[in-house]
Amino acid sequence: MSRTADYTIQGFIYQFIITFHKLLLSSDKDEITVEGIIEDIDVSTPTGQEAVQCKYHESKQKFTPSSIYKPVLQMFCHYKNNPTANINYRLHAHFPNETVGSEKILTKTELDSILDSKAADLQKYIAELSGFNGGDEFLKRFKVEFGASLSDTEKAVIVCLSNEGFTTEDATEIFYPNAIHAIAELSIQHDEQKRKIKKVDFLKELKNKKKTAISRWTKELQDYTKFLKQRRRQIAEVLNNNSRKRAVILDASYITDFERNIPLLVQDYITKYNSKLRLNQCPVFSLVCNEDVINSIWKSLDQKKITLERGLVAGAFNSVRFLRDPLKVIKDGTIEFKLKLCNHENEFDSIVNDAGFDDVIIISNQDFPFENTISCNIEKLKTPEINEIKYLLSLTSTL
């Protein structure tokens, strides 16, 4: 990943953390809008509204006015179109050389310099503001707030979360990453009403989710390795129960180098979790991919001497055949087949209601319709990296 991409993702993460921090510091009557219609964060209180834009500039050691020209112009344009609204504009920015908690008030001279900028990407804002004389009033409503680094902001948020009744350990390893994941998910909702949250409701929902979120967003947080360890412990409690019926859903469009990695993953899983003939239940592997890829993986497993049930009768999928238990000869230590393999898009729905799964492990960034219709335990792992998947499933002890 390029450094530019790194800083872009850091910027999003910083915005989500600041959003959560403001939510924790808000009163019960305040309403926060994630990715607000005005700015990154809209805070509505009984006395007015605050529009916050977040900028993270860890790579820039020194603050210069030119680094904030664009957000200032964007806010000024919004003020021009809403001069009578009771809105205060805040730019929450991190620069390493600025004192955390300090503020900067722009002068009229500095605002005029911004309006005189020749930068091409600013001209549409400057043109919109041409002839507008509301600069003095806008400056009364606008200020820059210098915030802490991403790492220090995370620590402050965890302290605030602990003050809400969460233990420090749970706040750090479960509820903080879950909160950032939840805010990130809210930010992509198209309906503005779905992006509105209140502190009491958000914390109530947060307390109900005890599984550490592993996703593209929590991956960027400072303690991601610690989150992986915590999630591994949570899943181990499920996997170490020998008698449970499980399905593992693997998404080819998500998992890195799918066709090469999945046979090895399945082999490791079978060795660890389906080696006790008397105790283990035969797992189902449901692959989200085309039939050619399934056949390739089937061939690879066959070459590894791993027998499986595909559920095919004369080329057609038969759910009764697929769901049958394998024949076992305990005294010889032999078993007819060690796993069941199906095409998720064409076959899984025909067996999910009759399979009696205790657990479904999903490794994908998709949401599947069956998740809302079955009553078993669902474990979602949103990481495409095979080494992390194996670690979370306790198939390897190191990352």
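Both faces of strand E16 are covered in this predicted model. Asp 359, Ile 361 and Ile 363 lie on one side, and Val 360 and Ile 362 lie on the other; all are buried. The strand, residues 359-363, is thus mostly covered, with five of its five residues buried. In a regular strand the side chains alternate between the two faces of the sheet.

E16 has a partner in strand E8 (residues 246-251), and the two pair in the parallel sense over five bridges. Ala 247 stands opposite Val 360 in this pairing. Strand E17 (residues 377-380) also runs parallel to E16, joined by four bridges. Here the bridge partner of Val 360 is Ile 378.

These strands belong to an open sheet of six, in the order E10-E15-E9-E8-E16-E17, with parallel pairing. Strand E10 (308-309) and E17 are the edge strands, and each pairs on one side only. E10 is joined to strand E15 (residues 339-343) by two bridges, and the two run parallel. Glu 309 has Lys 340 of E15 as its bridge partner. Helix H9 packs on the sheet and touches E8, E16 and E17. The direction of H9 makes about 145° with that of E17. Helix H13 (residues 344-355) also packs on the sheet, where it touches E8, strand E9 (284-288) and E15. The direction of H13 makes about 120° with that of E15.

H9 (residues 224-239) also packs against helix H7 (residues 168-187). Their axes are 9 Å apart, at an angle of about 100°. Angles of 65 to 115 degrees count as roughly perpendicular, and H7 and H9 are therefore roughly perpendicular to each other. H7 contributes Thr 172, Glu 173, Ile 174, Tyr 176 and Pro 177 to the contact. H9 contributes Lys 226, Phe 227, Gln 230, Arg 233 and Gln 234.

The largest nonpolar core has 74 residues. Those with the most contacts inside it are Phe 20, Leu 161, Tyr 176, Leu 250, Phe 285 and Leu 393. Leaving aside residues up to four places away in sequence, Phe 285 touches Val 248, Leu 250, Val 266, Tyr 269, Ile 270, Leu 339, Lys 340, Leu 341 and Cys 342. A second, separate core of 28 residues includes Phe 63, Tyr 69, Phe 138 and Leu 139.

Leu 161 is also among the buried residues of helix H6, together with Leu 150, Thr 153, Glu 154, Val 157, Ile 158, Cys 160 and Ser 162. H6 holds 13 residues (150-162), which should span 18 Å at 1.5 Å a residue. Its end C-alpha atoms are 18 Å apart, which agrees.

Buried positions in H2 are Tyr 69, Pro 71, Val 72, Leu 73, Met 75, Phe 76, Cys 77, His 78 and Tyr 79. They pack against strands E3 (48-56), E4 (87-94) and E6 (142-146), and against helices H3 (108-115), H4 (123-128) and H5 (135-141).

E3, E4 and E6 are part of another open sheet, of seven strands, in the order E5-E6-E4-E3-E2-E1-E7. Its pairing is mixed. Strand E5 (103-104) and strand E7 (196-197) stand at the edges. Each has a single partner strand, so one side of each is left without a neighbour in the sheet. E5 and E6 run antiparallel, joined by two bridges. Glu 103 stands opposite Glu 145 in E6.

Conventions. Residues numbered from 1 in each chain as written. Predicted model: local features only at pLDDT ≥ 70, side-chain atom pairs only at ≥ 80, totals over all residues. Heavy atoms only, no water. Buried < 20%, exposed > 50% of the residue type's maximum accessible area, 1.4 Å probe, protein only. Contact = heavy atoms within 4.5 Å. Core = buried A, V, L, I, M, F, W, Y, C linked by side-chain atoms within 4.5 Å. Pairing = 2+ DSSP bridges. Expected span 1.5 Å × (residues − 1). Axes fitted to C-alpha atoms, helices over the stretch in contact; angles between N-to-C directions. Parallel < 35°, antiparallel > 145°, perpendicular 65-115°, else oblique.
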